[in-house]
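Colleague: I am new to this structure and would like to go through it with you slowly. Could we look at it together?

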Amino acid sequence: MRIGMPHMGNLYIPFKALFQRLNIDFVIPPVNNQHTLSLGVRYSPEGMCIPFKLTMGNLIEAAELGADTLLMPAGSGICRLGYYAKTQEHILHDLGYAAEIVCLGVSSQRKLFGLLKMIKRLSNNAPWAKIISAFRFGLAKLNAMDRIERVVQKVRPVEQVKGTANRLFAQAIKAIDQADDYGTLKRVQRDCLDQLNQATSNGNTQPLIVGITGEFYVLLEPFSNLDVEKELGKLGVEVRRTTFISEWTKFSLFLNPLGMNEKDRIHKAALPYLKRDIGGDGWESVGEKVLHAKEYDGLIHLAPFTCMPEIVAQNIMPSTKEDIPVLTILCDEQLGKPGMLTRLEAFVDLLKHRRRAKVKT
Amino acid sequence: MIKVGIPRALLYYQYYPMWKTFFEELGAEVVVSPPTTQAILSSGSSRVVAETCLPVKVFCGHVLALAGECDYLFIPAIRSVKSNIYNCSKFLGLPDMTKAVTPESPPILDTDIDINKGKRELYQAIYKLGRRFTWNPLKVRRAAIAAWQAHLKYMQLMSDQGLNPPQAIERISNTTEVEPKTPPDNPTPPQATIALIGHPYLLYDEHINHRLIHRLEKAHYKVLTPEMLTTEELESATVRLVGGAYWTYEEEVVGAGGRYLESGADGVIGLMAFGCGPDSLMMDIVYRRAARLGTTPFMRLTLEEHTAEAGVVTRLEAFLDMIQRRKRRQAEVCV
């Protein structure tokens, strides 16, 4: 049995660590690139969103590398995502790959136990102690990466030498991927954070703060949003994002079953404008605008083209009392870098004007 | 008398008789917006972002048409009507979205319908809705039961007599019981049978589909629609194709498509709206099924605001020509 799974940001690193420790044969398809996208676009239904098309491309490439068991998230009550696995399996079979898709339940009640049970099945009944220790190590890598990324977002606009933060981040990701015990992992994390601190200029600059919200996948997969965070960093903007995979795992796997929900605050903020969950991340998008209107200078709303929940959110957002400029960027295979950059520059200019006007008054 | 407005769009075609009975039993007057026109569509699409799907744009137009004509608008948020099967986000957020994009609309009655939360929640939702009209819980109960009866009668009328929703609604609305309509004696028998699959709000909105049914009937084709199949037929076909539904209104696409591809039709036309989330997957499943079976021709027609009449007509003619040719060739082989 050889396992493959689609990409989403650096998610492959914790999974690789997990599977390596359990001696499971795991192939990583090439990171998202133009070829992946073309493959996905060619074999996906035309009206599908970019997450479907890119994961489709990943799955084909994984099957090409000999993967016969593919992992895909699925579940009910969560936009089209719940249907992806079924359709993608059809498409793979039509293409002549005999791969089986195993669904990772992301909406079921007992996520943690379901996930662990699935890993047990994949690992040919490894002992629980081994599974849990491997799982913990995977999580540690995930947390380390996200901790560094948060700092990188802050350093990008204020670094002394342009590009340092991105370079350090890439180095850290590589080192984390190679680390094979907790000690190394800790050292890598500490070193990287130190270097990032040193790279920061000491001047008292106050960069513009732009929140970034929207659909989970396009937020977390830089290839699908054309590296919008890096581009904003180049424009001297500090990016704030609440969506991180480590946050998701922390709450969905461990705290939600205990009755804690990090999203309650966001949902409450959205209530006057959107009273109910509409699947996907639509409710959160509206809530983040309301919640952070005072804190941020602007908000970038990322959504895949034809995404159902985000269209509803996009329609509701302009009507909120809390006033903050929002730039919606729809991601699909037609999104071009120059077009996006022009829009980002115009948006950042607008935010600068607003801030200047605010300072004057 | 309190006037309750119901937009003639989206779920109107599925539930109008039920809703009408409910509100009338509670002593309210029901106002329906006029059939879709270009003006309604334009006014609706001027309010929402461009990516919004055609049916929702039409819906907003109907809401605007009702503004000032009624005291309340009835826009339920139908989350699920079967356990563990959920609806498209646009239906879930419909009341909130309408409120956001059409501030001039009358107050919205936004009942949450979610069968997954259990019967108690459902009854409470209905009672809360009824409370706007009467203090008497028994009266609400009576109205709800009458509404459910009306719905069952409506469904039966369609599957028994082969009526489509607009015809059935007309039949129900006419207080004088008209004779069951015998099809006009066509001197020529139908050339072939064409099944139309898709959501009722696309199939029966003559403005947005450019009078597709009318065109087919005028050219002497017998038209079949999803409502003419029984619930069991639809469900069993859905199970055969996808092993259980995922979306609330999946049967009318996947179920009907699967069934008509197997038997009963010479050709199947799938109508979908551009940018429709559920249909982008469901029509694809029907399309893959058609390709695998290779017995019944299948055509997808995607509708949006810019769909030109001439384009629809050309594709329709080409499809029908192909079906004619196939029929002729089959007849020759048989001889």
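Colleague: Into which domains is chain B divided?

Modeller: Please keep in mind that this is a predicted model. The C-alpha centres of the two domains of chain B lie 26 Å apart. As for their bounds, chain B is divided into domain 1 (3-171) and domain 2 (189-334).

Colleague: Which helix gives the most to the side of domain 1 of chain B that touches domain 2 of chain B?

Modeller: Counting residues whose C-beta atoms, placed from the backbone, lie within 7 Å, 28 residues of domain 1 of chain B are in contact with 25 residues of domain 2 of chain B. On the domain 1 side, at least two residues each are supplied by α1 (12-25), α2 (38-45), α3 (54-66), α7 (137-161) and α8 (165-173) of chain B. That side of domain 1 of chain B holds 16 nonpolar, 9 polar and 3 charged residues. The helix that gives the most to it, with 4 residues, is α3(B).

Colleague: Turning to the other chain, which helix gives the most to the side of chain B that touches chain A?

Modeller: Between the chains, 26 residues of chain B are in contact with 32 residues of chain A. On the chain B side, α4 (89-92), α5 (94-101) and α13 (277-293) each supply at least two residues. With 5 residues, the helix that gives the most is α13(B).

Colleague: How many residues of the side of chain B that touches chain A are nonpolar, polar and charged?

Modeller: This concerns the 26 residues of chain B that are in contact with chain A. By class, they are 13 nonpolar, 7 polar and 6 charged.

Notes:
Residues numbered from 1 in each chain as written. Chains lettered and ligands numbered in written order. Predicted model: local features only at pLDDT ≥ 70, side-chain atom pairs only at ≥ 80, totals over all residues. Domains from an automatic or database assignment. Contact = placed C-beta atoms within 7 Å. Nonpolar A, V, L, I, M, F, W, Y, C, P; charged D, E, K, R; others polar.
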